[in-house]
Amino acid sequence: QVQLAESGGGLVQPGGSLTLSCAASGFTSDYSATAWFRQAPGKERERISCIHFNSGSTWHAASAKGRFSISRDNAENTVYLRLRNLEPEDTAVYFCSAPRPASTYHSTSCQVYDYTYWGQGTQVTVSS
């Protein structure tokens, strides 16, 4: 199975930017998409963005549109989440996730996949 490792979190002032990375390793032959989730204290985990590798199609939650962008470096097997114009409400642990392969076979819409494999998360804190 695929293993994922996030990095790039930290403390940033309101209005600032960060780029999060999600590096994949292990069994990646069926690895076709990645989603980013976040979980703030006391709140449920929220899916915020995803990318389908072959088609390049992406999806963003309403809370991410216009501020967050997702991309992939195929050579490095790494997915990036660029966070811009950050607000205190964006403070959360950010996780990347890969889908169960069977859930990806009939659609290129990454937002409908069953995300099963998780990284350990990276903390993003937005505060002045």
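The legends below describe close-up views of a predicted model.

View 1. The structure holds two disulfides, and in the one shown here the sulfur atoms of cysteine 22 and cysteine 96 are 2.1 Å apart. The link is right-handed, with 75° about the S-S bond.

**View 2. A disulfide joins cysteine 50 to cysteine 110.** The S to S distance in this bond is 2.1 Å, and the link of cysteine 50 and cysteine 110 is right-handed, with 75° about the S-S bond. Distant parts of the chain are linked here, since cysteine 50 lies in strand S5 whereas cysteine 110 is found in the loop between S9 and strand S10 (115–118), 60 residues apart. Cysteine 50 has a relative accessible area of 0% and is buried, while cysteine 110, at 1% relative accessibility, counts as buried too. When the bonded cysteines of the protein are numbered in sequence order, the pairing reads 1-3, 2-4.

**View 3. Tyrosine 31 and phenylalanine 53 form an edge-to-face pair.** A search of the whole structure finds five aromatic pairs. In the pair of tyrosine 31 and phenylalanine 53, the ring centres are 4.9 Å apart and the planes stand at 80°, so the arrangement is edge-to-face. Tyrosine 31 is located in the loop between strand S3 (18–26) and strand S4 (33–39), and phenylalanine 53 in the loop between strand S5 (46–52) and strand S6 (58–60), so the pair ties together parts that are 22 residues apart in sequence. Tyrosine 31 counts as buried at 9% relative accessibility, and phenylalanine 53 is buried with a relative accessible area of 13%.

**View 4. Five aromatic residues, Phe37, Phe95, Tyr113, Tyr115 and Trp118, form one cluster.** Within this cluster, the rings of tyrosine 113 and tyrosine 115 have their centres 6.4 Å apart and their planes at 40°, so the pair is tilted. Both tyrosine 113 and tyrosine 115 are buried. Phenylalanine 95, another member of the cluster, has the charged end of arginine 45 over its ring, 4.0 Å from the ring centre.

**View 5. Asparagine 77 has a positive phi in a loop between two strands.** The phi of asparagine 77 is about 50°, although this residue is not a glycine. Asparagine 77 lies in the loop between strand S7 (68–73) and strand S8 (78–83), where the residue is buried, with a relative accessible area of 17%.

**View 6. Asparagine 85 likewise has a positive phi.** Asparagine 85, again not a glycine, has a phi of about 50°, and the residue is placed in the loop between S8 and strand S9 (92–99). At 45% relative accessibility, asparagine 85 counts as partly exposed, whereas asparagine 77 is buried.

How values were computed: Residues numbered from 1 in each chain as written. Predicted model: local features only at pLDDT ≥ 70, side-chain atom pairs only at ≥ 80, totals over all residues. Heavy atoms only, no water. Phe/Tyr/Trp six-rings, centres within 6.5 Å; stacked < 30°, edge-to-face > 60°. Helix = DSSP H or I, 4+ residues; strand = E, 2+ residues; numbered from the N terminus. Buried < 20%, exposed > 50% of the residue type's maximum accessible area, 1.4 Å probe, protein only. Lys NZ or Arg CZ within 6 Å of the ring centre and 35° of its normal. Disulfide = S-S within 2.5 Å.
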